[in-house]
Amino acid sequence: QGVVEDAEAVVEASGLVYRWATGLMSMATVRPQVYKAALELLMDLWLHMQNQETQMTDKEAHVVLPALAERVGHRVPALREATQELLQRAHRVYPAAAVATIFSQRLRSKNRRSAGDLLHLLCAIETSTGATPRGRRDIGLLLQLAAEKEAAVREGAVRLLRALGTAVPEDALRAAPAAVRELVVP
């Protein structure tokens, strides 16, 4: 496709590609064009993996997915959209339940835009695959986020909690503030 001409060679070196892309994204001075090219490379790699019906290894996923999740709320709109588009495909190259777990671990990000975007992505994964974060800690965090000041974070958390429905433990729901309970259980 666009960036990758020999996709097989890139797949063979995918671990290096993930580490390179992660390092590049963590640089404060990286040019937007270079950042965008790295996202395009990852998109091409994931499309090829999807076509070949291959998956990322656990090690690869735990290198690249948390880094992308932290940066999904990028301040440059084009990079933010490209990162969102890439992460929407993550569950096609790694098990959806594991992707949901990795995303939920990044909901505590200081970047509230990233947290809101991750909640949106988690809702999309839940809709398409049924995979959601169901751990007690995850649900407790979602209940906290449902009381968040940032509207996108609050709305995403409420939407995901409603999708979980009966999977939300009664005692956790009782411990949540009344305003949150009213939002989650209409």
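This is a predicted model: local features need pLDDT of at least 70, side-chain atom pairs count only at pLDDT 80 or more; totals for chains, interfaces and linings use all residues.
In what order do the elements of the chain run from the N terminus on? They run α-α-α-α-α-α-α-α-α-α-α-α.

View 1. Residues are numbered from 1 along each chain as its sequence is written, and side-chain values use heavy atoms, leaving out hydrogens and water. You'll find twelve helices and zero strands here (DSSP runs: H or I of at least four residues for helices, E of at least two for strands).

**View 2. The box around the chain.** Laid along its principal axes, the chain's C-alpha atoms fill a box of roughly 55 × 35 × 20 Å.

View 3. Out of 186 residues, 46% count as buried, meaning under 20% relative accessible area with a 1.4 Å probe, protein chains only.

**View 4. The largest pocket.** A pocket here is an open set of points on a 1 Å grid over the protein atoms alone, where a 1.4 Å probe fits, with protein on both sides within 12 Å along at least five of seven lines. The largest one has a volume of about 270 Å³, that being the space filled by probe spheres set on the points. Its lining takes in 16 residues, with M27, A28, Y35, H74 and R75 nearest the centre; lining residues have an atom within 4 Å of a point.

Key:
Buried means under 20% relative accessible area, exposed over 50%, partly exposed in between (1.4 Å probe, protein chains only).
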